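Hi,

Here is the structure I promised to pass on. Have a look at it first, and then read on for my notes.

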Amino acid sequence: MPAVVIANNGDVPEFEGRITFSVFVCVVIAACGGLMFGYDIGVSGGVTAMDDFLKKFFYQVWERKQQAHENNYCKYDNKKLQLFTSSLYIAALIASFLASKTCSKFGRKPTMQLASLFFIGGVALTTFAVNIEMLIIGRLLLGCGVGFANQAVPLFLSELAPAKIRGALNISFQLFITIGILIANIVNYAVGKIHPYGFRISLGIAGVPALLLCFGSLAIYETPTSLIERKKVEQGRAVLKKIRGVDNVDLEYDSIVHACEVASQITQPYHELMKRESRPPLVIAIVMQVFQQFTGINAIMFYAPVLFQTVGFGSDAALLSSVVTGLVNVLSTTVSVALVDKVGRRALLLEACVQMLITQCIIGGVLMKDLKTTGTLPSGDALVVVIMVCVFVAGFAWSWGPLGWLIPSETFPLETRTAGFSFAVSSNMLFTFVIAQAFLSMLCHLRAGIFFFFAAWIVVMGLFALFLLPETKGVPVDEMVDRVWKQHWFWKRFFNDEQVVEKGAIEMIHPHLT
């Protein structure tokens with residue numbers, strides 16, 4: 001299994017090194033994987049609001065939109081239209097497990113290159129699609145690219161970055177995703193009046209970050225951890241010196257070698273994940289991904305233009321409103337980067353639950369009161385909906401968005417960390433698929449009640465974070481079991497004294513790592 005060396009702020013050993021230009025270049029190029037994913041999220045909702053796209057591939061939906069008394073809640077309810085968005089995520093789910101093996105056998109860099117090739121192939125098919133089958137096959141290829149990228153890029157960033165900024169870079173992956181969403185919203189707005197092929201421009205531009213990742217990855221280094229793990233020890237030491245900008249890398253080098261030795265002793269990491277003592281971090285990783293989707297965020301981000309059209313905005317105004325929410329998303333994610341290691345994970349999550357609960361209830365209340373099956377909202381109410389959506393997106397962007405990825409990466413012990421993270425990725429994709437496939441039908445049947453549906457889940461999320469999610473701020477990853485899980489009122493029951501003896505033996509052999 002791949003070994004991952006991830007250090008957090010806290011009492012971790014200080015490795016020598018500085019933030020080099022090489023690291024900066026590698027991070028920017030690798031982050032194009034986040035841009036790919038984010039752009040696709042944004043472009044999916046945008047093109048499904050374009051009449052030219054609907055007329056070409058989903059004629060029934062377009063016809064329904066032309067009716068004088070169309071149903072506000074059901075005009076976009078179409079299984080094939082939902083499949084256009086959601087098919088990507090079922091492919092990404094399967095691809096994430098394959099990507100875990102690729103990361104281990106061939107390295108992080110080749111896995112990212114494969115991701116870009118899948119994505120480029122998918123972009124070509126969707127851009128030049130002439131029928132729905134070609135469009136869906138293209139989406140499946142895009143899904144493979146997303147699955148490979150989401151598995152490899154966070155590992156690459158974590159292993160390459162200096163320890164003192166590793167936590168922030170982990171969240172920066174989410175930041176690049178939000179930037180991709182914003183760019184997609186701007187592009188959708190800009191090409192909305194280019195008939196009849198504006199949607200093809202939107203879909204085609206998705207290839208730009210993929211091309212940047214494909215060709216840029218030829219110039220970046222493989223991570224030292226991956227090289228040493230694959231027995232390229234001297235090459236790993238040489239790369240470590242280059243990216244740290246110093247010759248004395250012995251302490252960090254020794255820690256990577258030890259991590260690889262420990263990981264190599266586990267031949268079946270997925271079997272190890274099924275053991276009793278692995279349940280706490282595994283449950284947290286999966287539940288965080290489930291809750292992240294059941295906030296309703298992807299439903300709002302996928303279908304923001306559709307949602308704004310539903311409440312009475314015209315096509316152009318709806319796309320412009322989604323640009324505003326995309327900008328809020330980007331700016332709010334930077335709040336998490338600044339505060340996560342100061343106020344802690346739980347504080348951000350709990351505050352956001354209150355914020356998101358209030359906004360979902362207000363949106364649902366306004367729509368239930370004033371948006372009937374036909375007609376539009378009064379302009380004042382429509383403005384309230386847009387503002388509440390922005391406040392909701394802000395709360396998510398500094399909490400459940402980035403922390404849904406950060407917490408699983410820091411709570412697994414080394415020997416199951418990569419396998420555990422693949423469960424997090426696949427869980428995210430599975431429930432993104434479920435929400436994307438079901439949202440428009442739920443909107444049709446539940447109407448404004450769909451926002452109260454998500455609000456109920458936010459209450460459950462808040463209770464989980466309050467009582468079952470431990471605080472991990474400032475706790476070194478290798479001490480997570482002793483200082484977090486074994487001290488927690490609920491999770492401590494999953495551990496026994498044998499782990500204490502084993503931990504003590506490791507500390508005696510490698511005292512500099514604790």
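At 15% relative accessibility, Glu 272 counts as buried, because the cut-off for buried is under 20% relative accessible area. Its salt-bridge partner is Lys 275, with 3.3 Å from N to O. Lys 275 itself is partly exposed, at a relative accessible area of 33%. Please keep in mind throughout that this is a predicted model.

Salt bridges

The count of salt bridges comes to 7. Another one of them joins the side chains of Arg 108 and Glu 229, at 3.4 Å from N to O. Arg 108 belongs to helix 6 (residues 108-127) and Glu 229 to helix 11 (residues 224-229), so this pair ties together parts of the chain that are 121 residues apart in sequence. Arg 108 and Glu 229 are both buried. There is also a network here: salt bridges with shared partners join Arg 108, Glu 229 and Glu 159. Glu 222 and Arg 230 make a further salt bridge, with 3.5 Å between N and O, and both of these residues are buried as well.

Charges over rings

Arg 237 places its charged end over the ring of Tyr 253, 3.9 Å from the ring centre. Arg 139 lies over the face of Phe 84, and there the distance to the ring centre is 4.7 Å.

Aromatic pairs

The model holds 26 aromatic pairs. One of them is formed by Phe 294 and Phe 453, a tilted pair with 6.3 Å centre to centre and 55° between the planes. This pair links distant parts of the chain, as Phe 294 is in helix 15 (residues 279-294) and Phe 453 is in helix 23, 159 residues apart.

Ring pairs link Phe 291, Phe 294, Trp 400, Phe 431, Phe 453, Phe 454, Trp 457 and Phe 464 into it, so to speak of Phe 294 and Phe 453 is to speak of two of its members.A surface patch

Helix 1

Finally, which residues of helix 1 (residues 21-30) are buried? They are Val 23, Cys 26, Val 27, Ile 29 and Ala 30. Looking down the helix axis, you will find these buried residues within an arc of 165°, so they line one face of helix 1. The face turned away from that buried side carries the exposed residues Phe 21 and Phe 24.

Best wishes

Definitions and conventions:
Residues numbered from 1 in each chain as written. Predicted model: local features only at pLDDT ≥ 70, side-chain atom pairs only at ≥ 80, totals over all residues. Heavy atoms only, no water. Buried < 20%, exposed > 50% of the residue type's maximum accessible area, 1.4 Å probe, protein only. Helix = DSSP H or I, 4+ residues; strand = E, 2+ residues; numbered from the N terminus. Arc of directions from axis to C-beta. Phe/Tyr/Trp six-rings, centres within 6.5 Å; stacked < 30°, edge-to-face > 60°. Lys NZ or Arg CZ within 6 Å of the ring centre and 35° of its normal. Salt bridge = Lys/Arg side-chain N within 4 Å of Asp/Glu carboxyl O.
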